[in-house]
Amino acid sequence: MSNTLQFKEFSSFVNISFWHELSNKKLDELKLSEEPIPLNAHYTFSPSQQLDPFLCLEFNAFLKNNTINTTENTYVLPPRSYLSHGTLFNYNTVDDFKQSPKLKLFDEASKRIWNDIKNGNVDKDTSLLNRFILLTYADIKNHQFYYMFGIPALLPSQPIQQFTEQPESINIESIKSFSNQSLPQYFCLRQGDDQSSFELIGSIEEKGNQYLNDCLKDGSIPLVGFCDPCPLPSNPGWPLRNFLIYLSVKYPSLKKVKVICFRGNGVNSNNILLSLELPSMSELIEKQQQDGDQWSGKSVGWEKDTNGKIAPRFVSLASTMDPLKLAEQSV
Amino acid sequence: KTVEKVTPTLSTSKFLEEGVLTPEEFVQAGDLLTDKCQTWTWESGDPSRNVSYLPKEKQFLLTRNVPCYTRVRTLENESKAAIAEEIRIEEDGEDSWVAPQPTGNQDDIDDDKVDISSLKIDDKKPNTTTTTTKPNTNNDEDEDEDDGDIPDLDDFQDDNIIEEDDPAVLSKNKTTTTTTNNSNNNTESKVEDNDNILRTRTYDISITYDKYYQTPRVWLFGYDENRKPLKPEEIFEDISEDHAHKTVTIDSHPHLGISFAYIHPCRHAAVMKKLVDRQSENGKEPRVDQYLFLFLKFISVVIPTIEYDFTLEFDT
C-alpha cells in the first residue's frame, strides 16, 4: 500500500509593521524602482495545536542578515525561530503586478535552492533550503496592499513514501541535550539505549556529513530532525521538503531515513517520528546535467486562497494608517 | 508625550509603596518573564525610537501569535466570575479600575457599543468557533465603508499559474485534497486531520514601559482568521465590555510607530499596589521581578479570551 507523505503548507503571516515599513521604503528609498529586494522572514513552533504553520514577516524584514558594517542594524531572529530567505518584487501599478512573470520568478527561486544544494552552500548553511518570493503592489495613497507568496518546494520524480503506517508520536522529555535556544534548524540525533531516549549529535552543518556517511558505512538508518512549524499529528511542515531533496541529492545511496519533527518543548508540543523512503534522484540529476546543470524539474508552493485557488491576497490598512480614521478612533 | 519629556525618570524603587516600577525594575521583571515564559521576548523596535532609559535591546516585550479562540461575549459567566473573584479590585470611586461583574453581563450591554447580533456564536463545542462572528459577506460590506473599495480579486487570477497537482501537499481545504489521484483511506484520514486546524484570531501583545505612569503599558494588535489585521472596533470584541471603551484606546506604539490599541495605564499602579499589599497580608514577600506576572494576571481580566502565557506558580 502506498503511504505518501503529505506536507502542510505554510500560511503567510504579514505583520502590519511590514506594510508600514514597505510604505516608508517606497516613499523614501525605492520610489519607482522595481528591483528585487532581499527579505528575511521567520517561522517558529506553532503556539497551539490548532494554528497554521506561519511564515512571518515583520518590520525588520528589510534589514540585512550579516552586515560587516556594525553601525547598520542587522536582522535578528526572534528566539526559537528559523530563517527563510525571501525576495520581494514590488510593482508600481496594478497592471504591472498582474502581468508580472510569476512563473519565471518562482522558477528562479527554485533554481537558487537547487544550485545551493549542488554547489555545497547548503552544507554550510541549511537555511538556504527555505526560500520564498513575495510579489506586491502597494497602493500607499489608499493604504491598500496586494500580495502573493510563493514558497518553492522542489519535487522529486516520485512522492516520498512512509514505510510505517503512521508517524510515531514521541516523548520530548526523553531527548537529551535539547535546549530550545540552541537547537539548529536541521540536526542529527542518536537513539539512546532505551528506545525512547534521544541525544542531539549536532547540526547538519557541523556533523551531518560525518554522521550520514557513518550510517551509510554501517548500514544503519540515520536519524535526523528539524524544527517543525506544523502542529499536526500526522503531517510535517513545509521546511522538511527541500531538506529531504537535499539529503537524496547529496547522499544518493541513502534509501531510508528517520525524521523527528520537533515542535518545541511546550506542554502541548506534539513531536512525531517519520520513517521515510527516499526517492532516487539520479534520473533528475542526469536530466539537470543535460540542461546545463540547472533545475528544470517541477516545484510547487504558491500560496492558495481559502478556496484552494492561486490568487493574490488583499489587505487594507486604512483603519490603522489613515490619519483621519485614527483621529476618530482615539479618545 | 510632552509631559513625558519633562518627567524625570523614576530612580528609587517605589514598588512596595506605590506599585510603580523604575526602568531598571522593568528590565528585571522583563528578564524573569522572558526567562520563564519563552513566548515572551525582548525587542528593540525601531532604533530611531529607542528610549535612553532602557537598554537598546530591551526596549519592550513582545509575544507573538497568541491565539484568541472566542469573543469575550461568548465567555461563560462562571469562568468570568471565577476570575473576578480572584482579582477583585477597587469598586468604589468614579474612575476606578472596573473589575468584571460576575453576573448580568448579558443584560447590561450598552446598545451603542457593539452590534450584538453579529456576535452571536453557536458554540457548543469549542471547535466550532472557528469561523468568526461575522459571515464574510458582512465583512466585505464593512470594509467597503471603512477601507474603501474592495477590488474583485478574480480580476487578478492569472491563468498561467496553474500548479502541478501534488499528492504530497496537504491542502487547505477538502475539495482539493480529495481530487488527488491516490485518494485511498490514507488521504481520507489526513483530510480529517486537516480539519483540526482551527482558524482563529491571534494577537501580538507588547508591553512597553510608560515613563509618565511608571508602569508597564499593554498594547494589542489583532489579526483575524485569515491573517488580516483587525480593525479597532473588532479588537474591542476581545476586551471585556466593562473595559472596552473606558480603559482601552488607540495610539501610536512608542517603539514601532504604528497605531495599536492599548490599555490605559492610569490605574495600573493602584491596582498593582493592591495586589502587592494582598501578597504581603498573606505573608508572601512581594518580589519586584515578579511584577509582570502579577500584572499580566490582572490584565487577563481585561482580555480574558486572549490566551497569552503568564504562568508562574505563585500566590497573590
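Two strands count as paired if DSSP finds at least two bridges between them. With that in mind, strand β14 (residues 256-262) of chain A pairs with strand β15 of chain A in the antiparallel sense, over six bridges. Please remember that this is a predicted model.

**Strand β15 of chain A and its partners**

- Strand β15(A) covers residues 272-277, and five of its six residues are buried, so the rest of the structure largely encloses this strand.
- Within the pairing of β14(A) with β15(A), you can look for A:V259, whose bridge partner in β15(A) is A:L274.
- Strand β8 (residues 161-162) of chain A also runs antiparallel to β15(A), and two bridges join them.
- For a landmark there, find A:Q161, which stands opposite A:E277 in β15(A).
- Strand β9 (residues 168-169) of chain A is another antiparallel partner of β15(A), again with two bridges.
- Here A:S169 stands opposite A:I272 in β15(A).

**The open sheet of chain B**

- In chain B, six strands form an open sheet with antiparallel pairing, in the order β1-β2-β4-β5-β7-β6.
- The edges are held by β1 (40-43) and β6 (248-252) of chain B; each has a single partner strand, so one side of each is left without a neighbour in the sheet.
- On average, neighbouring strands of this sheet are turned by 35° against each other, direction ignored.
- Inside the sheet, strand β2 (residues 60-68) of chain B runs antiparallel to strand β4 (residues 201-210) of chain B, and six bridges join the two.
- One pair to look for is B:P67 with its bridge partner in β4(B), B:T202.
- Helix α3 (residues 23-36) of chain B lies across β1, β2, β4 and β5 (215-223) of chain B, and runs at about 140° to β1(B).

**Two crossing helices in chain B**

- Helix α9 (residues 268-281) and helix α10 (residues 291-302) of chain B have axes that come within 10 Å and cross at roughly 115°.
- That angle makes α9(B) roughly perpendicular to α10(B).
- The crossing of α9(B) past α10(B) is right-handed.
- On the α9(B) side, the residues that meet α10(B) are B:H268, B:V271, B:M272, B:L275, B:V276 and B:Q279.
- On the α10(B) side, they meet B:Y291, B:L294, B:F295, B:F298 and B:I299.
- By class, this contact of α9(B) with α10(B) has nine nonpolar residues, two polar ones and no charged ones.

Definitions and conventions. Residues numbered from 1 in each chain as written. Chains lettered and ligands numbered in written order. Predicted model: local features only at pLDDT ≥ 70, side-chain atom pairs only at ≥ 80, totals over all residues. Heavy atoms only, no water. Axes fitted to C-alpha atoms, helices over the stretch in contact; angles between N-to-C directions. Helix = DSSP H or I, 4+ residues; strand = E, 2+ residues; numbered from the N terminus. Parallel < 35°, antiparallel > 145°, perpendicular 65-115°, else oblique. Left-handed = near helix turned anticlockwise from the far one by under 90°. Contact = heavy atoms within 4.5 Å. Nonpolar A, V, L, I, M, F, W, Y, C, P; charged D, E, K, R; others polar. Buried < 20%, exposed > 50% of the residue type's maximum accessible area, 1.4 Å probe, protein only.
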